[in-house]
Amino acid sequence: MSQELSYHFFKADAFVALDAIGKNKVIEALKKMLLIRHFETRAESAYQMGKVGGFFHAYIGQEAIQTAATMALDANDWYTTTYRCHALALLLGVTPDAAMAELYGKKTGNAMGRGGSMHLFSDHLLGGFGIVGGHIPIATGAAFSMKYQDKKQVSICFLGDGAVPQGAFHESLNLAALWNLPVIYVVENNQWGMGTKVNRALSMNPIAERLAISYGIEGYTVDGMNFFDCYALFEKLRKQVIDTNRPVIIEAITERFKGHSISDPAHYRTKEELECAMKRDPIPFLFHAVQERGWLTQAEFDEISNSEKEVVLKSMQFAEASELPDIITLEEDVFAPDSIWRN
Ligand SMILES: Cc1ncc(C[n+]2csc(CCOP(=O)(O)OP(=O)(O)O)c2C)c(N)n1
Ligand SMILES: [Mg+2]
């Protein structure tokens with residue numbers, strides 16, 4: 001017998017949510033999303049000018065998810081994500097200067113120029129991670145540690161739809177469910193794993209609601225373009241996970257507006273498909289809700305946007321003016337067994 005499941009979206013009433021979250025916090029969210037958007041847009045042009053090297057994966061289109069999560073959770077919770085990590089780093093306190101200088105490979109960068117775009121970190125961001133699914137056991141371990149130390153904190157793990165079939169994810173879900181670990185797994189379903197459409201790669205749909213049944217935990221689907229739905233869900237689940245110690249899994253439906261990485265022209269997606277996705281851009285969506293509520297005019301929005309752009313332009317000047325790491329320090333601050341260097 002077929003076991004068809006359809007999506008059940010978690011919904012928050014935007015107008016109720018606006019008042020519950022409050023004017024200042026909602027405008028703060030918009031500001032953060034604008035900073036991320038300008039940061040990545042400018043960093044992309046710096047890349048095209050040859051100032052940034054290595055890989056570069058933009059989070060553009062997905063901003064509402066991690067912005068809502070970091071605002072609904074606690075700064076002392078533990079965060080892990082993929083190589084698409086500029087946004088989470090900025091949201092968790094890495095300054096635009098330090099993030100931009102890291103992309104430029106400079107000494108003043110977040111990882112002293114050692115990591116680049118995929119390896120930003122902060123006190124509670126356990127690093128962007130280049131191996132698909134490789135960070136999921138780390139997030140699960142952080143949750144184990146929280147439970148072991150009896151801390152009322154959670155571990156939140158962002159992963160892509162492409163990481164869902166990885167064994168490390170299923171082993172993590174199994175252990176988290178078995179050992180009652182306080183972890184929130186967030187599958188950011190942006191429709192693509194590199195150039196492969198999600199429905200050509202995954203046998204399960206919906207992802208979270210279906211996996212939840214297998215592992216005996218709760219699973220939710222949320223519109224990842226809707227800041228209010230994301231915020232309300234993260235806020236509810238943080239409390240729930242701390243109270244119950246039961247892990248949860250969320251599928252946030254979104255779409256990345258850029259190619260997989262900067263070198264991907266994304267020819268596999270039609271212009272019409274992209275235009276359709278961009279109509280759901282999370283930034284105008286949030287702005288229109290705030291504007292309708294009478295909290296922000298178009299002119300005030302433009303002013304905020306320009307001031308965030310200024311911050312980013314200054315970070316580029318900072319990165320430009322910073323020095324490259326000295327060659328003599330090449331072996332410092334990187335993890336490698338001593339013997340590699342001696343032999
Ligand atoms: C173990 C492993 N296999 C393959 C790759 C190459 N790779 C990098 S990103 C990616 C697609 C991942 O897609 P998804 O998880 O949906 O994340 P998104 O890029 O959409 O954010 C692949 C296959 C890798 N980095 N690690
Ligand atoms: Mg994906």
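**Notebook: helix packing, ligand shell and selected residues**

I began with helix 3 (residues 63–72) and helix 10, which pack at an angle of about 40° with their axes 8 Å apart. Axes here are lines fitted to C-alpha atoms, for helices over the stretch in contact, and angles run from 0 to 180 degrees between N-to-C directions. Helices (H or I, at least four residues) and strands (E, at least two) are DSSP runs, numbered from the N terminus.

I note that this is a predicted model, in which local features need pLDDT of at least 70 and side-chain atom pairs count only at pLDDT 80 or more, while totals for chains, interfaces and linings use all residues. Residues are numbered from 1 along each chain as its sequence is written, and chains are lettered from A and ligands numbered from 1 in the order in which they are written.

**Helix 3 on helix 10**

Helix 3 and helix 10 are therefore oblique to each other. For this term, angles under 35 degrees count as roughly parallel, over 145 as roughly antiparallel, 65 to 115 as roughly perpendicular and the rest as oblique. I recorded a right-handed crossing of helix 3 past helix 10. A crossing is left-handed if the near helix is turned anticlockwise from the far one by less than a right angle, and right-handed if clockwise.

I listed the residues that meet: Ala64, Ile65, Thr67, Ala68, Ala69, Met71 and Ala72 from helix 3, and Phe227, Cys230, Tyr231, Phe234, Glu235 and Arg238 from helix 10. Two residues are in contact if their C-beta atoms, placed from the backbone, lie within 7 Å. Sorted by class, this contact of helix 3 with helix 10 has 10 nonpolar, one polar and two charged residues. The classes are: Ala, Val, Leu, Ile, Met, Phe, Trp, Tyr, Cys and Pro nonpolar; Asp, Glu, Lys and Arg charged; the others, Gly among them, polar.

**Helix 1 on helix 10**

I then looked up helix 1 (residues 14–21), which packs with helix 10 (residues 227–244) at an angle of about 60°, their axes 10 Å apart. Helix 1 and helix 10 are therefore oblique to each other. The crossing of helix 1 past helix 10 is left-handed. Helix 1 makes the contact with Ala14, Ala17 and Ile21, and helix 10 with Phe228, Tyr231 and Ala232.

**Ligand 1**

I found 14 residues around ligand 1, the closest being Val132, Gly160, Asp161, Gly162 and Gly193. A residue is near a molecule or strand if its C-beta atom, placed from the backbone, lies within 6 Å of it. The shell around ligand 1 divides into five nonpolar, seven polar and two charged residues.

**Backbone entries**

I noted a cis peptide bond between Asn205 and Pro206, with omega about 0°. Pro206 is in the loop between helix 8 (198–201) and helix 9 (207–215).

Met112 has phi near 55°, a positive value in a residue other than glycine. I placed Met112 in the loop between helix 5 (96–103) and helix 6 (136–148). Met112 is partly exposed, with 18 other C-beta atoms within 10 Å. A residue is buried if 20 or more other C-beta atoms lie within 10 Å of its own, exposed if 12 or fewer, and partly exposed in between, with C-beta atoms placed from the backbone.

Met194 has phi near 50°, also positive in a residue other than glycine. Met194 sits in the loop between strand 5 (192–193) and strand 6 (196–197), and is partly exposed, with 14 other C-beta atoms within 10 Å.

**Single residues**

I looked up Tyr104 in the loop between helix 5 and helix 6. Tyr104 is buried, with 24 other C-beta atoms within 10 Å. Not counting residues up to four places away in sequence, Tyr104 touches Lys51, Val52, Gly109 and Ala319.

Gln153 lies in the loop between helix 6 and strand 3 (155–160). I have Gln153 as buried, with 21 other C-beta atoms within 10 Å. Leaving out residues up to four places away in sequence, Gln153 touches Asp74, Asn76, Asp77, Trp78 and Met146.

Phe9 lies in strand 1 (residues 9–10), and is partly exposed, with 14 other C-beta atoms within 10 Å. I list Thr221, Val222 and Asp223 as touched by Phe9, not counting residues up to four places away in sequence.
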